[in-house]
Structures are given as structure tokens and as C-alpha cells.
Amino acid sequence: MASKRNKRIPASMAITRAIIHEYQPKNTEEMQEAIKDIMGIWIGEFEKGGRKL
């Protein structure tokens, strides 16, 4: 069975690299804060478009 690592989408890897480059987290806590920030923006934009989760 192929591992999940081999199934990663190139766009996802590019987004991950961009987040790391922009936020420059030094530990997992800082990475979690970056993800929370991004998800808040993403959800807000999603809901502005009239969509609901």
C-alpha cells in the first residue's frame, strides 16, 4: 500500500511551503497559530460568498 506521503498533491505542498515561508514558525505551537489564523480568514471568505459550513 502506498503511503500518504506519496499521494500528496503538489499544490498542497506549495501552500505549506508558502505558509512556512510567510509565518516562519519556530515550533509546533507557532505553526498551529499560523493555521488558526489562515483557517479563520478562509472560513470568513467562504461565508462571505454565501456558503455555510
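This is a predicted model: local features need pLDDT of at least 70, side-chain atom pairs count only at pLDDT 80 or more; totals for chains, interfaces and linings use all residues.

Reader: At what angle do α1 and α2 pack?

Author: The angle is about 110 degrees, and the axes lie 11 Å apart. The two helices α1 and α2 are therefore roughly perpendicular to each other, as that class runs from 65 to 115 degrees. Their crossing is right-handed.

Reader: What share of the residues counts as buried?

Author: Of the 53 residues, 6% count as buried. The protein exposes about 5000 Å², and carbon and sulfur atoms supply 58% of that area.

Reader: Which residues form the nonpolar patch on the surface?

Author: The patch consists of Ile35, Met39 and Trp42, which together have about 300 Å² of accessible area. Met39 belongs to helix α2 and counts as partly exposed because its relative accessibility is 32%.

Reader: Turning to charges, how many salt bridges are there?

Author: The count is 2 salt bridges. In one, Lys36 pairs with Glu33, with 3.4 Å between the closest N and O atoms. In the other, Glu45 pairs with Lys48, and the corresponding distance is 2.9 Å.

Reader: How far apart in helix α2 are Glu45 and Lys48?

Author: Glu45 and Lys48 are 3 residues apart, about one turn of the helix. Lys36 and Glu33 are also separated by about one helical turn, because they are 3 residues apart in helix α2.

Reader: Is Lys48 buried or exposed?

Author: Lys48 counts as exposed, because its relative accessibility is 66%. Glu45 is partly exposed, with a relative accessible area of 46%.

Technical notes:
Residues are numbered from 1 along each chain as its sequence is written. Side-chain values use heavy atoms; hydrogens and water are left out. Patches are made of residues with over 30% relative accessible area and no salt bridge: like charges are joined within 9 Å, nonpolar side chains (Val, Leu, Ile, Met, Phe, Trp, Tyr) within 5 Å. Accessible areas come from the Shrake-Rupley method with a 1.4 Å probe; for residues, only the protein chains shown count as cover. A salt bridge is a side-chain nitrogen of Lys or Arg within 4 Å of a carboxyl oxygen of Asp or Glu. Helices (H or I, at least four residues) and strands (E, at least two) are DSSP runs, numbered from the N terminus. Buried means under 20% relative accessible area, exposed over 50%, partly exposed in between (1.4 Å probe, protein chains only). Axes are lines fitted to C-alpha atoms, for helices over the stretch in contact, and angles run from 0 to 180 degrees between N-to-C directions. Angles under 35 degrees count as roughly parallel, over 145 as roughly antiparallel, 65 to 115 as roughly perpendicular and the rest as oblique. A crossing is left-handed if the near helix is turned anticlockwise from the far one by less than a right angle, and right-handed if clockwise.
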